[in-house]
Amino acid sequence: MEKAKTLTFVLMDAPFESSRTATALRVLDEACARGLNVNVFAYEGAVLLPFRHQQPHANAVHGRSVEEEDHPLPREWIAAMISAARERGTEFEWVNCGLCVDERGAGDTIEGVRRGAPADLWKMASNSHNTLVVPTN
């Protein structure tokens, strides 16, 4: 049986700052759904995407409760992709740049995320069929 192709993604935007983040998460989810192995190297503000302490919030402007607002949290999207990959038997590796984590105090992440270094990105990209960098402005 042929091994699934591997894609590597480099993310840089912090959660809730840009539509690039939501789009990137949708692309990651689709890659997983198609049975591809996925690597993610989170750099700069993107190390906060899997931050464990993200919380949903109400929307007082629109008069909606926390439940009614149903605010999506990146940490939940990422956890779901990690879980789905395990169930499918594909690989999903999320690595946070350790330097960026230290700068932002973002060390408390969800399960399945590991701390790494720029050398991890090099290894991921070298062993992938393709790499996509989703830059910040």
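The lining of the largest cavity in this predicted model divides into five nonpolar residues, one polar residue and two charged residues. The residues concerned are Leu 11, Met 12, Asp 13, Arg 20, Thr 21, Ala 24, Leu 49 and Val 134. Helix α1 gives the most to this lining, with three residues. The volume of the largest cavity is about 40 Å³, and the count of cavities of 30 Å³ or more comes to one. Rolling a probe the size of a water molecule over the atoms shows where empty space is left.

**The sheet**

Strands of a sheet pair through backbone hydrogen bonds, either parallel or antiparallel. Here five strands form an open sheet with parallel pairing, in the order β4-β3-β2-β1-β5. At the edges are β4 and β5, each of which pairs on one side only. Direction ignored, neighbouring strands of this sheet are turned by 20° against each other on average.

| Strand | Residues |
|---|---|
| β1 | 6-11 |
| β2 | 37-42 |
| β3 | 92-97 |
| β4 | 113-116 |
| β5 | 130-134 |

Strands β1 and β5 run parallel and are joined by five bridges. Within this pair, Phe 9 has Leu 132 in β5 as its bridge partner.

Helix α5, made up of residues 118-126, lies across β1, β2, β3, β4 and β5. Its direction is at about 155° to β2.

**Helices α1 and α3**

Two packed helices are described by the angle between their axes and the distance between the axes. For helix α1 (residues 19-33) and helix α3 (residues 74-88), the axes come within 10 Å and cross at roughly 10°. Angles under 35 degrees count as roughly parallel, and α1 and α3 are therefore roughly parallel to each other.

Which residues of α1 meet α3? They are Ala 22, Leu 25, Leu 28, Asp 29, Cys 32 and Ala 33. On the α3 side, the contact is made by Pro 74, Trp 77, Ile 78, Met 81 and Arg 88.

Notes. Residues are numbered from 1 along each chain as its sequence is written. This is a predicted model: local features need pLDDT of at least 70, side-chain atom pairs count only at pLDDT 80 or more; totals for chains, interfaces and linings use all residues. Side-chain values use heavy atoms; hydrogens and water are left out. Axes are lines fitted to C-alpha atoms, for helices over the stretch in contact, and angles run from 0 to 180 degrees between N-to-C directions. Helices (H or I, at least four residues) and strands (E, at least two) are DSSP runs, numbered from the N terminus. Angles under 35 degrees count as roughly parallel, over 145 as roughly antiparallel, 65 to 115 as roughly perpendicular and the rest as oblique. Contact means heavy atoms within 4.5 Å. On a 1 Å grid over the protein atoms alone, a cavity is a set of points where a 1.4 Å probe fits but cannot get out, and a pocket is an open set with protein on both sides within 12 Å along at least five of seven lines; lining residues have an atom within 4 Å of a point. Grid points are joined across faces, edges and corners, and a volume is the space filled by probe spheres set on the points. Ala, Val, Leu, Ile, Met, Phe, Trp, Tyr, Cys and Pro count as nonpolar, Asp, Glu, Lys and Arg as charged, and the others, Gly among them, as polar. Two strands pair if DSSP finds at least two bridges between them.
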